[in-house]
Amino acid sequence: MSTDVTTDATVTSAALALGDDALVLSHRLGEWAGHAPVLEEEVALANIALDLLGQARVLLSLVGDEDELAYLREERAFTNLQLVEQPNGDFAHTIARQLYFSTYQYLLYTELAAGDGLFAPLAAKAVKEVAYHRDHAEQWTLRLGDGTDVSHQRMQRACAALWRFTGEMFQPVAGLDVDLPALESAWAASVTDVLRRATLAVPEGPRSGAWAAGAGRQGLHTESFGRMLAEMQHLHRSHPGASW
Amino acid sequence: MVTTTALEAELLEVAGAVPDPELPVLTLLELGVLRAVHAHGPDSVEVELTPTYTGCPAVEAMALDIERVLHEHGVRDVTVRKVLAPAWSTDDITDEGRRKLREFGIAPPRAGRVAEPVGLRLGPTRTLAQEAGEAADPVRCPHCGSAETELLSRFSSTACKALRRCLSCREPFDHFKEL
């Protein structure tokens with residue numbers, strides 16, 4: 001099937017950033033296959049991963065050959081958020097990551113869908129899928145936060161641990177024409193509302209500055225990302241051009 | 001509306017009769033994923049296909065099937081182009097498609113229930129509005145028709161379906177969820 005590759009440099013960097021977010025989170029969620037707490041979650045996480053992979057394919061195809069971009073770039077060439085590369089941790093960590101990211105992606109795609117830019121068709125399509133991802137994360141946050149003592153503690157710990165990675169979502173990306181301060185306040189309002197209803201405290205740590213994390217958009221990644229990439233790229237690098 | 005030639009209408013019917021690879025009871029036309037057929041002369045056509053979900057793996061199988069049936073129909077040069085806009089919605093499934101889904105044991109998506117993504121408010125409203133909407137327009141069990149059903153999982157065997165259970169006949173069933 002035919003695709004259109006763009007040559008606009010700023011659009012390319014935005015497509016790479018959003019495409020890498022989707023690709024990396026898709027791979028992380030795929031790691032749950034065979035390990036999820038219940039069968040329904042196994043299926044749910046794989047479905048969410050598949051939606052994200054579809055988005056990644058469209059976005060990376062705007063830049064170049066999707067397989068080359070996914071399988072042959074080195075770690076420093078990936079511009080995904082550090083949030084999405086964080087290891088799955090326990091189920092609560094995965095849900096906290098989903099809540100933070102899907103809320104961001106939902107708001108971002110809503111805005112992109114309303115515009116007339118290159119990303120509008122994909123955003124209009126994907127935002128409907130992401131609405132389900134966000135709903136899934138919200139339901140689990142409520143269930144774990146307002147569940148047993150143990151589930152509450154673990155959910156609280158997960159929300160706090162990932163908090164410092166959330167500021168990066170609102171740093172400017174070349175070629176992404178969105179109102180970031182408005183996006184950030186809508187994100188904070190939505191996440192705060194879910195956490196409160198889940199009887200969870202909104203984490204107090206910094207989301208920007210020296211103690212916050214986040215230089216993924218500049219190609220700097222956390223330690224576990226290299227290992228994730230090695231696994232993701234191994235087959236393609238060992239058997240170039242392999243296909244099913 | 002773009003004018004369609006008799007040849008294009010004929011080829012649309014041929015391509016549209018291809019069964020969906022995952023839900024073979026439905027044709028592509030009933031699923032609403034076939035957008036247009038443009039004929040550039042009798043020997044060369046371009047088909048516009050839209051995915052149900054961005055990551056739907058069935059799209060490639062659909063494209064191959066379309067190419068095959070059009071080749072068999074005598075068209076030499078077939079190009080299948082994937083289009084995203086306007087985004088596919090479950091409202092694009094025809095009435096006949098809905099009837100077939102129900103017959104196949106899958107609760108069809110409810111019409112006109114697609115959330116408007118642009119400008120939708122976040123927060124508790126989505127879930128609460130959904131619950132309020134459930135009472136007025138419940139998902140009915142495709143086996144016994146009961147309106148008393150519960151959601152087991154938002155994601156089922158494929159991304160487009162949710163898993164539910166009927167509280168009357170106790171049978172689990174798939175629901176083609178509104179998108």
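Helix H1 (residues 9-30) of chain A and H5(A) pack at an angle of about 150°, with axes 12 Å apart. Axes here are lines fitted to C-alpha atoms, for helices over the stretch in contact, and angles run from 0 to 180 degrees between N-to-C directions. Helices (H or I, at least four residues) and strands (E, at least two) are DSSP runs, numbered from the N terminus. H1(A) and H5(A) are therefore roughly antiparallel; angles under 35 degrees count as roughly parallel, over 145 as roughly antiparallel, 65 to 115 as roughly perpendicular and the rest as oblique.

The crossing of H1(A) and H5(A) is left-handed, meaning the near helix is turned anticlockwise from the far one by less than a right angle, while clockwise would be right-handed. Residues in this contact include A:Leu18 and A:Leu25 of H1(A), and A:Phe101 and A:Leu108 of H5(A). Contact means heavy atoms within 4.5 Å. By class, there are eight nonpolar, two polar and three charged residues in the contact of H1(A) with H5(A). Ala, Val, Leu, Ile, Met, Phe, Trp, Tyr, Cys and Pro count as nonpolar, Asp, Glu, Lys and Arg as charged, and the others, Gly among them, as polar.

A word on the model. It is predicted: local features need pLDDT of at least 70, side-chain atom pairs count only at pLDDT 80 or more, and totals for chains, interfaces and linings use all residues. Residues are numbered from 1 along each chain as its sequence is written, chains are lettered from A and ligands numbered from 1 in the order in which they are written, and side-chain values use heavy atoms, with hydrogens and water left out.

Next, H5 (residues 91-114) of chain A against H6 (residues 120-145) of chain A. Their axes come within 7 Å and cross at roughly 150°, so H5(A) and H6(A) are roughly antiparallel too. This crossing is left-handed. The contact of H5(A) with H6(A) holds 18 nonpolar, eight polar and two charged residues.

H5(A) also packs on helix H7 (residues 149-163) of chain A, at about 50° and with the axes 8 Å apart. That makes H5(A) oblique to H7(A). H5(A) passes H7(A) in a right-handed crossing. Among the contact residues are A:Ala92 and A:Tyr100 of H5(A), with A:Met155 and A:Trp163 of H7(A). The classes are 10 nonpolar, one polar and two charged.

One backbone point in chain A: A:Thr199 has a positive phi of about 60° although it is not a glycine. A:Thr199 is in the loop between helix H8 (180-197) and helix H9 (223-238).

Now chain B. Its domain assignment, automatic or from a database, gives domain 1 (6-82) and domain 2 (93-176). Eight residues of domain 1 are in contact with 13 of domain 2. The two domains bury about 940 Å² between them, 73% of it on carbon and sulfur atoms. Buried area is the accessible area (1.4 Å probe) that two parts lose on being put together, summed over both. In domain 1, B:Leu23, B:Val25 and B:Glu30 lose the most area to domain 2, together 52% of what that side buries.

Last, the peptide bond from B:Ala85 to B:Pro86 is cis, with omega near -10°.
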